Amino acid sequence: MITAIRGNTETAVYIDATTQKQTEYFDQSVTLGKRSAYNELVAFWEECKSPNWDGYNAFAVQEATLYKAYLFIHALPLGYPLPSVGAEPDGHLTLEWYRNPQWILSVSISPEGILYYAALFDNESEQGSEDFLGEIPQVILGLINKVQGITV
């Protein structure tokens with residue numbers, strides 16, 4: 001399990017440890033767990049970790065990119081829809097949420113932890129980039145909600 005402590009006090013360490021245990025418990029759940037996304041991510045990385053994985057001179061997906069994508073999925077709030085995993089020729093991993101061909105969100109994760117996102121909602125589109133600092137940026141959570149039809 002990859003962990004990140006968000007404070008230096010004993011209280012912060014205790015809260016983080018308790019949260020980690022609860023997260024591990026929920027990860028065992030078929031309904032709420034993220035195990036299927038982690039497994040898909042690692043399986044996809046195994047296929048793309050060598051150069052030319054696509055037969056068209058694609059860059060290898062680095063282990064650092066796998067780590068950032070893992071942390072991104074881990075940071076998804078409990079109960080959020082899990083993404084489908086893909087890779088790009090530039091060596092980035094892609095996480096996608098899909099409703100239909102006209103409603104889709106794609107988040108491309110670089111080894112440096114930069115999130116490049118693009119979303120399509122019928123005739124509207126949004127795109128941009130955000131730094132990944134251990135939490136999902138609000139703009140991306142909002143786009144996941146919009147694609148999935150989740151009202152908050």
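Which helix does R35 lie in? R35 lies in helix α2, and the views below take you from there through the rest of the model. This is a predicted model, in which local features need pLDDT of at least 70, side-chain atom pairs count only at pLDDT 80 or more, and totals for chains, interfaces and linings use all residues. Residues are numbered from 1 along each chain as its sequence is written, and side-chain values use heavy atoms, with hydrogens and water left out.

**View 1**
Helices (H or I, at least four residues) and strands (E, at least two) are DSSP runs, numbered from the N terminus. R35 counts as partly exposed, at 36% relative accessibility; here buried means under 20% relative accessible area, exposed over 50%, and partly exposed in between (1.4 Å probe, protein chains only). The C-alpha atoms of R35 and H74 are separated by 9.8 Å, although the two residues are 39 residues apart along the chain. K34 has its place in the loop between α1 (10–27) and α2, and at 7% relative accessibility K34 counts as buried. Its side chain reaches the backbone oxygen of I73 at 3.2 Å. A polar atom of the K34 side chain also lies 2.4 Å from the backbone oxygen of L76. For polar contacts, the rule is a pair of N or O atoms within 3.5 Å; within protein, one must be able to donate a hydrogen and the other to accept it, and residues adjacent in sequence count only if both atoms are side-chain atoms.

**View 2. The largest nonpolar core.**
A nonpolar core is a set of buried Ala, Val, Leu, Ile, Met, Phe, Trp, Tyr and Cys residues joined through side-chain atoms within 4.5 Å. The largest one has 33 residues, and L41, F72, W97, L105, V107 and I140 touch the most other members. Two or more residues each come from α2 (35–48), α3 (63–75), β2 (93–100), β3 (103–109), β4 (114–121) and α4 (138–148). The largest share, 6 residues, comes from α3. In soluble globular proteins, nonpolar side chains tend to be buried together.

**View 3. W97 and its partners.**
Setting aside neighbours within four places in sequence, W97 is in contact (heavy atoms within 4.5 Å) with residues including F72, P81, L82, W103, L105, I144 and Q148. Across the strands, W97 stands opposite L105 in β3. β2 and β3 pair in the antiparallel sense over 7 bridges; two strands pair if DSSP finds at least two bridges between them. These two strands form a hairpin with 2 residues between them.

**View 4**
The whole structure holds 4 aromatic pairs. Rings of Phe, Tyr and Trp (its six-membered ring) pair if their centres lie within 6.5 Å; planes under 30 degrees apart count as stacked, over 60 as edge-to-face and the rest as tilted. The ring centres of F72 and F132 are 5.7 Å apart and the planes are at 50 degrees, so this pair is tilted. It links distant parts of the chain, with F72 in helix α3 and F132 in the loop between β5 (124–131) and α4, 60 residues apart. F72 and F132 are both buried. W103 and F121 form an edge-to-face pair, 5.1 Å centre to centre with 70 degrees between the planes. Since W103 lies in strand β3 and F121 in strand β4, the pair ties together parts that are 18 residues apart in sequence. Ring pairs also link F72, W97 and F132 into a cluster.

**View 5. Charges over rings.**
A charge sits over a ring if NZ of Lys or CZ of Arg is within 6 Å of the ring centre and within 35 degrees of the ring normal. The charged end of R99 sits over the ring of W103, 4.6 Å from its centre. Over the ring of F121 sits the charged end of K146, 4.4 Å from the ring centre. Both W103 and F121 are buried.

**View 6. Residues with a positive phi.**
Most residues other than glycine have a negative phi. N57, in the loop between α2 and α3, has a positive phi near 65 degrees. At 66% relative accessibility, N57 counts as exposed. D122 is found in the loop between β4 and β5, and its phi is positive too, near 55 degrees. With a relative accessible area of 41%, D122 is partly exposed.
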